[in-house]
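Hello,

Here is the structure I promised to hand over. My notes follow below it.

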Amino acid sequence: MTKFGRVTAFDASSGMATIVYERPQACEKCGACSGRGYTGTLVIQAHCAVGDWVRVELPDGRFLGASALAYVLPLCGLLAGLGLGWALGGGGDLGALAGAAAGLGLGALGLRAADRRIRQNPAWQPRVAAVYPTKPDQDLIGCGGQKP
């Protein structure tokens with residue numbers, strides 16, 4: 001996954017840059033991102049200056065893996081808790097509901113533990129792939145989609 005944005009703040013002591021990104025105008029009719037236009041802010045380690053334009057990349061496959069982890073782990077906890085609660089509760093709704101709530105909570109705790117471990121792994125962190133002192137043209141930026 002690739003994002004393109006502008007550095008709005010930089011803390012030289014920590015090396016942390018605040019990057020504001022948005023979909024470039026040239027991408028509006030491309031369709032590669034399903035037409036979802038949005039802006040966002042990201043704070044990451046970088047070597048740049050305020051006003052620089054940057055291309056930020058998340059290593060291939062990591063975005064999908066992180067999304068799957070964020071949704072699948074709590075869902076598995078919910079379903080396992082539902083089944084276990086139903087079985088231990090004699091097939092009653094109250095036991096199933098309590099088991100589902102407990103399973104969802106355990107899934108959320110597992111997700112939190114996985115998040116802590118992932119945050120320490122550089123392979124899962126976004127990185128600044130390129131720094132441009134002025135705004136580059138669309139051909140240089142690229143978006144992975146088709147040209148309009």
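**What I found**

Alanine 123 sits in the loop between α2 (93-119) and β5 (127-132). Helices (H or I, at least four residues) and strands (E, at least two) are DSSP runs, numbered from the N terminus. This is a predicted model: local features need pLDDT of at least 70, side-chain atom pairs count only at pLDDT 80 or more, and totals for chains, interfaces and linings use all residues. Residues are numbered from 1 along each chain as its sequence is written, and side-chain values use heavy atoms, with hydrogens and water left out.

Alanine 123 is partly exposed, at 29% relative accessible area (buried is under 20%, exposed over 50%, partly exposed in between; 1.4 Å probe, protein chains only). Alanine 123 touches Pro59 and Arg62, leaving out residues up to four places away in sequence (contact means heavy atoms within 4.5 Å). From alanine 123 to proline 59, the C-alpha to C-alpha distance is 6.9 Å, across 64 residues of sequence.

Next, the core. The largest nonpolar core has eight residues: Val7, Ala17, Ile19, Ile44, Ala46, Cys48, Val54 and Val56. Such a core is a set of buried Ala, Val, Leu, Ile, Met, Phe, Trp, Tyr and Cys residues joined through side-chain atoms within 4.5 Å. β2 (16-22) and β4 (53-57) each supply at least two residues of this core.

Last, helix α1 (residues 62-88) holds leucine 79. Leucine 79 is partly exposed, with a relative accessible area of 48%.

Best wishes
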